[in-house]
Amino acid sequence: RAGTSYRIASIPGDGIGVDVTVEARKVLDRAAASHGFSLSWTEFDWSCERYAKTGAMMPADGIERLSVFDGIFLGAVGFPGVPDHVSLWGLLIPVRRAFSQYVNLRPVRLLPGTTSALAGRGADELEMVIVRENSEGEYSELGGRHNRGLGNEFVLQESVFTRVGVERIIRYAFELAKTRTGRVCSATKSNGLIHSMPFWDEIFAEISAEYPDVHAEQCHVDALAARMVQAPDRLDVVVASNLFGDILSDLAAAVTGGLGMAPSGNINPTGELPSMFEAVHGSAPDIAGQGIANPVAQILAGAMLLDHLGETVAAQAVRAAVEKVLEEGAVQTPDLGGKSTTAELGSAVVAALS
Ligand code: NAI
Ligand code: MG
């Protein structure tokens, strides 16, 4: 909407999260300027560095401060020295849950100019979207560690599947399928997980009956992993629990262009609370601070943010600019086989927008 200014909270976080967020902001600001709206950024230094200084990833009123924004743009959190469960549960998971971002949407495309495990296939043969449940499931705090240090030490890690939680994510997948090719595949494992997955399958069957025009099938997650590599053609919308969706989307990213190309949205479909957009990848400590991270995933996460704001024309322009740069192949970061820097690739996308 021309003249609108959107308030965006930026949390670059740790490692390459910082590098790629800078580049994505350059691209988004240019796209906004040429489409008549603006992005008003507020940056938060919430990170493992902050944890080291203050003992907390974010301030006590962090969630409240984020709640006024139109969207949240996250780099990545996690860095050696701070255990991953501290960084994850101290920032990412509280945001996802407090804002009921119960959909984790991960579009997967075979982008031009990338060498893939599926090389030889065209973009039309691999375009899917993973709808990952983002608020419950296997990622739960329920459980405990018992008999610590003794010979009979054991841990319990519980999963939580609620009817409301499972119904709403599966329904989201069917609604999304109506806007695409009309196919939904559910990731299950009801042969191994005898309580949670039969419940998931039962609800999947109930909801698929409400959508006679959408083709519904289910597949065990291990077989689905193989199918994503060997025969991805007939997959479109894949709906999965929190853990399964996490693993499948890294796999899907790896067989397309690698983690440097895969975006993700944590979406509250009601729009009452802010949604958060980030790359699938983490903070990549092995290449942090070298200026060589691929910013494409973060830029495409930015395009998802623009879509969410209703700026679909600008979002499409960003995606087209990314594809143009990748197809030309002159500016490539090392993960793509080139020698360019994060900033050079970001600037090339900005130039392609103009
Ligand atoms: P990672 O995604 O950070 O890195 C995996 C591998 O992919 C590394 O070899 C890395 O160099 C490469 N890679 C990732 N993104 C790249 C990019 N944009 N360009 C080029 N190469 C790229 O996963 P890892 O190593 O398991 O985790 C590192 C840290 O990130 C951990 O602390 C983890 O908890 C955190 N993490 C945070 C996430 C988030 O904030 N949502 C998601 C995943 C991990
Ligand atoms: Mg992951």
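Predicted model: local features only at pLDDT ≥ 70, side-chain atom pairs only at ≥ 80, totals over all residues.
User: Why does Asn147 count as exposed, and what is said about its phi?

Analyst: Asn147 sits in the loop between strand 6 (143-146) and strand 7. With 10 C-beta neighbours inside 10 Å, Asn147 counts as exposed, because the limit for that word is 12 or fewer. Its phi is positive, about 55°, although Asn147 is not a glycine.

User: Why is Ser159 called partly exposed?

Analyst: Ser159 has 18 C-beta neighbours inside 10 Å, and since a residue is exposed at 12 or fewer and buried at 20 or more, with partly exposed in between, Ser159 counts as partly exposed. The residue is placed in the loop between strand 7 (154-157) and helix 5. Leaving aside neighbours within four places in sequence, Ser159 is in contact with Gly137, Glu138, Ser140 and Ser196. Tyr139 is 20 residues from Ser159 in sequence, and the two C-alpha atoms are 6.8 Å apart.

User: Why does Ser100 count as partly exposed?

Analyst: For Ser100 there are 18 C-beta neighbours inside 10 Å, so the residue counts as partly exposed. Ser100 occupies the loop between helix 4 and strand 4, and its phi is near 45°, a positive value in a residue other than glycine.

User: What makes the length of helix 5 close to the one expected?

Analyst: Helix 5 runs over residues 163-178 and has 16 residues; from its first C-alpha to its last it reaches 23 Å, close to the 22 Å expected at 1.5 Å a residue. Its buried residues are Val166, Ile169, Ile170, Ala173, Phe174 and Ala177. They cover an arc of only 140° around the axis, which puts them on the same side of helix 5. Among the elements that cover these buried residues are strand 4 (103-109), strand 5 (127-133), strand 8 (183-188), helix 6 (196-209) and strand 10 (237-240).

User: Why are the buried residues of helix 6 said to line one face?

Analyst: The buried residues of helix 6 include Met197, Trp200, Phe204 and Ile207. Seen down the axis of helix 6, its buried residues fall within an arc of 85°, so they line one face of the helix. On the other side of helix 6, Glu206 and Ala209 are exposed, whereas the cover over the buried residues includes helix 5, strand 8 and strand 9. The span of helix 6 agrees with expectation, because its 14 residues should span 20 Å at 1.5 Å a residue and its end C-alpha atoms are 20 Å apart.

User: Why does the radius of gyration of the protein chain agree with that of a compact globule?

Analyst: A compact globule of 354 residues would have a radius of gyration near 20 Å, and the protein chain has 20 Å, which agrees. Its C-alpha trace spans about 55 × 50 × 40 Å along the principal axes. The chain contains 11 helices and 12 strands, and buried residues make up 47% of its 354 residues. Of the contacts between residues at least 6 apart in sequence, 76% join residues at least 24 apart.

User: Which residues are the closest around ligand 1?

Analyst: Ligand 1 is surrounded by 22 residues, and the closest are Gly78, Gly260, His281, Gly282 and Asn294. Helix 1 (16-34) and helix 4 (84-98) are the elements that give two or more residues to this shell. By kind, the residues of the shell divide into 12 nonpolar, 6 polar and 4 charged.

Conventions: Residues numbered from 1 in each chain as written. Chains lettered and ligands numbered in written order. Near = placed C-beta within 6 Å. Helix = DSSP H or I, 4+ residues; strand = E, 2+ residues; numbered from the N terminus. Nonpolar A, V, L, I, M, F, W, Y, C, P; charged D, E, K, R; others polar. Rg over C-alpha atoms; globule rule 2.2 N^0.38 Å. Contact = placed C-beta atoms within 7 Å. Expected span 1.5 Å × (residues − 1). Arc of directions from axis to C-beta.
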